[in-house]
Amino acid sequence: MSKSATLIGVAEQAGVSTATVARVLKKNGYVKEETRRRVEEALRQTGYRLNGVARGLRTNRSMTIGNFLRSTTHNPFFAEIARGIEDEALRNDYTVILLNMEASRERERLGVERLIERRVDAMIFTYALDVESLDIAAAAGIPTVQVERVLDRPTSAVVVDNAAGSVQAVEHLVKIGHRRIGFIGGDPALYRTLGVPSAVEEERLAGYRQGLQAAGIGYVDDIVFLGRYVAAGEDPITAWGQMGMRHLLQASEQPTAVLITSDVLAAGALQVAYEAGLRVPDDISIVGFDATIGRFLSPALTTVSHPLRDMGKVACELALAAIAGDTTPQVVRLQTKLEIRGSTGAPSSRRKSQRPAEP
């Protein structure tokens with residue numbers, strides 16, 4: 001085969017999308033006759049082959065599932081879900097092929113193409129970066145499942161009630177006496193501009209607002225910091241948590257507690273609190289989110305626990321059901337649970353509202 005003998009290379013030569021190429025190969029879905037001829041000519045010129053996928057993908061199972069992770073290096077969140085998928089797959093005599101996307105849409109599309117060639121029976125995305133990847137899989141007749149973040153395609157999905165998790169956290173802090181509760185989390189507007197579904201950020205922020213409102217507490221802008229979850233490049237992965245805590249500690253009246261929507265962000269916030277001479281929870285209480293590394297921090301982090309292994313298990317169950325012929329999309333919403341540990345306590349009567357020394 002020539003160097004252009006890839007699904008993307010064929011699509012570029014024919015001047016169409018990779019999903020259209022997949023439909024022509026699979027003979028599945030409508031394609032204009034003129035477009036079909038261009039694709040077929042590009043296939044001949046490049047020597048592209050799909051290793052028999054178009055002839056028998058759905059009749060002969062490979063007993064493999066493709067699992068796409070946004071990243072395996074920045075957050076244990078993805079690895080825990082992957083473990084749940086793998087455990088359930090092994091129980092059902094399936095093998096999982098794991099692909100690490102590192103937030104690259106091109107890498108994701110190439111991965112989908114390679115797994116089509118390997119004749120996988122289903123694909124799971126935690127989470128999908130590009131709708132075209134889902135379209136390519138669908139055109140090849142491969143069922144897909146999305147986890148946590150859901151692009152606008154009719155696939156099965158596993159999500160979590162993030163808003164309820166934030167409400168739980170705020171209720172806990174209010175119950176132990178806090179009234180000035182800050183927030184550090186992902187910025188919905190930022191993630192929308194990056195082309196990433198922002199429902200997770202919107203729900204967590206909305207739950208924070210809802211919890212405050214239910215307690216009769218006003219929303220205060222200067223103790224809310226919205227940004228990213230992890231830093232890129234050479235910055236430590238906790239950089240955004242550090243920036244968020246520094247911002248909150250410069251408020252005219254500092255918070256006595258903070259809800260932080262990622263354990264990784266919370267780790268950065270703990271670092272800054274320590275540098276500023278604040279004791280957790282004596283001077284400031286901190287609640288994390290997702291229950292990935294919180295139990296390893298000092299003090300151990302009170303956190304809104306995601307059922308990460310269960311998310312993977314359910315995603316695999318949905319994939320196996322689709323392989324067996326149940327192609328009706330299903331969305332399963334799992335619940336969070338607040339795990340109370342050592343990072344939260346009643347606000348101290350000794351705590352002063354002035355700003356600490358610069359960390």
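Which elements cover the buried residues of α12? I put this question to a predicted model.

**Entry 1: helix α12.** I located α12 at residues 263-275. From its first C-alpha to its last, the helix reaches 19 Å, close to the 18 Å expected. I then looked up burial, for which the cut-off is under 20% relative accessible area. Ten of the 13 residues of α12 are buried, so the helix is largely enclosed by the rest of the structure. Among them I noted Asp263, Leu265, Leu270 and Val272.

**Entry 2: the cover.** To answer my opening question, I listed the elements that cover these buried residues: they include β6 (181-186), α11 (239-249), β8 (257-260), β9 (285-289) and β10 (302-305).

**Entry 3: the ends of α12.** At the N-terminal end I found Ser262 as the cap, with a side-chain oxygen 3.1 Å from the backbone nitrogen of Val264. After the helix comes Gly277, and I recorded its phi as positive, near 80°.

**Entry 4: helix α11.** I checked α11 next and found buried residues including Gly241, Met245, Leu248 and Leu249. The buried residues of α11 pack against α12, and also against β6, β7 (224-227), β8 and β9.

**Entry 5: strand β10.** I noted that β10 runs parallel to β9, joined by three bridges; Val287 has Thr302 of β10 as its bridge partner. With β12 (residues 337-339), β10 pairs in the antiparallel sense, again over three bridges, and there Ser305 is partnered by Lys337. Which way do the residues of β10 point, and are they buried or exposed? Thr302 and Val304 point one way, Thr303 and Ser305 the other way, and all are buried. I recall that side chains alternate between the two faces of the sheet in a regular strand.

Methods:
Residues are numbered from 1 along each chain as its sequence is written. This is a predicted model: local features need pLDDT of at least 70, side-chain atom pairs count only at pLDDT 80 or more; totals for chains, interfaces and linings use all residues. Side-chain values use heavy atoms; hydrogens and water are left out. Helices (H or I, at least four residues) and strands (E, at least two) are DSSP runs, numbered from the N terminus. The expected span of a helix is 1.5 Å times one less than its number of residues. Buried means under 20% relative accessible area, exposed over 50%, partly exposed in between (1.4 Å probe, protein chains only). Contact means heavy atoms within 4.5 Å. A polar contact is a pair of N or O atoms within 3.5 Å; within protein, one must be able to donate a hydrogen and the other to accept it, and residues adjacent in sequence count only if both atoms are side-chain atoms. Two strands pair if DSSP finds at least two bridges between them.
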